[in-house]
Amino acid sequence: MRKMGDNQSPENYENELGLLEFIHTLVETMDRWAGSICELDIMYQLEHVHFLLDEMVMNGYVTETNKSNVLRLIDLIDRESKKNEGMFR
């Protein structure tokens, strides 16, 4: 977010290094989840990617950066969905 200071120069209050670190962590987490992540993985499993991103960011703030914690929840959802698929065969 940019705000105009007293001398009318824009001031940046976001930590650019922090944003780059978050993007790197997000890509590493998706890479661990999908093997070697590519655009098609994101397109065809968009619901999982949204869930992964929702677990890491809340209200515009980074809340979770531990890859294991995020992936544990996705693994739990995958296991439960496989149980439900087997029940209706």
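Where is Thr-29 found? Select residues 16-34 and you have helix H1, which holds Thr-29. Before going on, a word on the model: it is predicted, so local features need pLDDT of at least 70 and side-chain atom pairs count only at pLDDT 80 or more, while totals for chains, interfaces and linings use all residues. Residues are numbered from 1 along each chain as its sequence is written, and side-chain values use heavy atoms, with hydrogens and water left out.

Now zoom in on Thr-29. Is this residue buried or exposed? Thr-29 counts as buried because its relative accessibility is 0%; buried means under 20% relative accessible area, exposed over 50%, and partly exposed in between, using a 1.4 Å probe and protein chains only.

Next, show what surrounds Thr-29. Setting aside neighbours within four places in sequence, Thr-29 is in contact with Leu-52, Met-56, Lys-67, Val-70 and Leu-71 (contact means heavy atoms within 4.5 Å).

Then select residues 67-87, which form helix H4, and pick out Ser-68 there. With a relative accessible area of 37%, Ser-68 is partly exposed.

Finally, zoom out and colour by element. The protein has 4 helices and 4 strands, running β-β-α-α-α-β-β-α from the N terminus on. Helices (H or I, at least four residues) and strands (E, at least two) are DSSP runs, numbered from the N terminus. Of the 89 residues in the protein, 15% are buried.
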